[in-house]
Amino acid sequence: MDRYLVFGHPVRHSKSPFIHTLFARQTQQELEYGLAEPAVDVFAQALRTFFDQGGKGCNVTVPFKEQAFTLVDRLSPRAKRAGAVNTIKLTDDGVLLGDNTDGAGLVADLKSHGVTLADSRILLLGAGGAARGALAPLLAELPSELVIANRTHAKAQQLAAEFCDLGHVTAQTYEQLAGSFDLVINSTSASLQGELPPLAPALIHTDIAIYDMMYGASDTAFISWAKQHGARQTMDGLGMLVEQAAEAFTVWRGIRPGTKQVLRELKRNLGVI
Ligand code: ATR
């Protein structure tokens, strides 16, 4: 049977095996999907061994995405732009192809929630790996402006400069942010420490859409905060997780699974519904 897995550390709580098993059942594909948690310094070796032993493809998650970028034979254009690889496929001619489906997953999830990106004014919080992966797919949707704000302003400036060939993208400090945004995307890891990005409450209004790439059984700190300040449309990163997986599955198997039912099952599994 064709074998796939996700590499990460820690990875025990990954939802990927659950999601891909449901995709396989739904599309009647014969495959198995497991977990691998190599020590951080032996990831390269573990990856090689997996493919030497007949593995067909894998996902890569924290903290291995940047390392995977350097280990594959060939990169997709979107992985090259993201500077990170979350999906690897062994092609029929034996080439390890590195791809990145995170940004496409975000855009697909935003669209499935009915968020309009074309001509919109988007605020992206954070300038780490998650922000970098999101930029090209977001700019491809032709927003009128995309502003990056980050605690360490120099990193936001660097990202804006790197992606300015793809659209109108600028960097501002949190203090400089002004005017009305249509969509705020939180790509920071602040919620992991129960913290909030230092965003002025005045930027939140009833018609704004709020997206947090993090998720949990209950609202993230950022979503709770945005709701308190009047945001009516809030979304967490669970949909992005399922959509990036669907994109990876499509890369591997050439067949696109449906995501709605799988997302519902995942929510039930997490105790959200
Ligand atoms: P990831 O790959 O998930 O993006 P990362 O590369 O470590 O992770 O980036 C984390 C992002 O969250 C950074 O933009 C970080 O800001 P700095 O560049 O200033 O470190 C941001 N971040 C983390 N904790 C934060 C907090 N409490 N408030 C605001 N931003 C925070």
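Visitor: How many bridges join S5 to S6, and do they run parallel or antiparallel?
Guide: S5 and S6 are joined by 4 bridges and run antiparallel. Keep in mind that this is a predicted model.

Visitor: Which residue stands opposite threonine 87 there?
Guide: That's aspartate 99, in S6.

Visitor: And what sits between S5 and S6?
Guide: There are 5 residues between them, and the two strands form a hairpin. In the turn, glycine 94 has a positive phi of about 80°.

Visitor: OK, zoom out. What's the strand order in the sheet with S5 and S6?
Guide: S2-S1-S3-S5-S6-S4, an open sheet of 6 strands with mixed pairing.

Visitor: Now the helices. Which strands does H1 lie across?
Guide: Helix H1 (residues 16-27) lies across S1, S2 and S3, and runs at about 175° to S2.

Visitor: What about H2, which strands does it lie across?
Guide: Helix H2 (residues 43-52) goes across S1, S3, strand S5 (87-90) and strand S6 (96-99). The angle between H2 and S1 is about 170°.

Visitor: Let's do loops. Is the peptide bond from histidine 9 to proline 10 cis or trans?
Guide: That one is cis, with omega near 0°. You'll find proline 10 in the loop between S1 and H1. Valine 62 and proline 63 are also joined by a cis peptide bond, with omega about 5°. Proline 63 is in the loop between S3 and helix H3 (65-71).

Visitor: And glutamine 28, is its phi positive or negative?
Guide: Positive, about 55°, although glutamine 28 is not a glycine. This residue lies in the loop between H1 and S2.

Visitor: How many bridges join S7 to S8?
Guide: Strand S7 (residues 121-125) and strand S8 (residues 145-149) run parallel and are joined by 5 bridges. Isoleucine 122 stands opposite leucine 146 in S8.

Visitor: Last topic, the ligand. Which residues come nearest?
Guide: Asn150, Arg151, Thr152, Lys155 and Glu195, out of the 14 residues around the ligand. By class, that shell has 3 nonpolar, 8 polar and 3 charged residues.

Visitor: What does glutamate 195 do at the atom level, say with a nitrogen atom of the ligand?
Guide: A polar side-chain atom of glutamate 195 lies 2.5 Å from that nitrogen.

Visitor: Which backbone atoms lie by the ligand's oxygen atoms?
Guide: Alanine 127 has a backbone N or O atom 2.9 Å from an oxygen atom of the ligand. For glycine 129, a polar backbone atom is 3.1 Å from a ligand oxygen.

Visitor: And how much of the ligand's accessible area does the protein cover?
Guide: The protein covers 74% of the 640 Å² that the ligand has on its own.

Methods. Residues numbered from 1 in each chain as written. Predicted model: local features only at pLDDT ≥ 70, side-chain atom pairs only at ≥ 80, totals over all residues. Heavy atoms only, no water. Near = heavy atom within 4 Å. Polar contact = N/O pair within 3.5 Å; in protein donor to acceptor, adjacent residues only side chain to side chain. Areas by Shrake-Rupley, 256 points an atom, 1.4 Å probe, with all protein chains shown as cover. Nonpolar A, V, L, I, M, F, W, Y, C, P; charged D, E, K, R; others polar. Pairing = 2+ DSSP bridges. Contact = heavy atoms within 4.5 Å. Axes fitted to C-alpha atoms, helices over the stretch in contact; angles between N-to-C directions.
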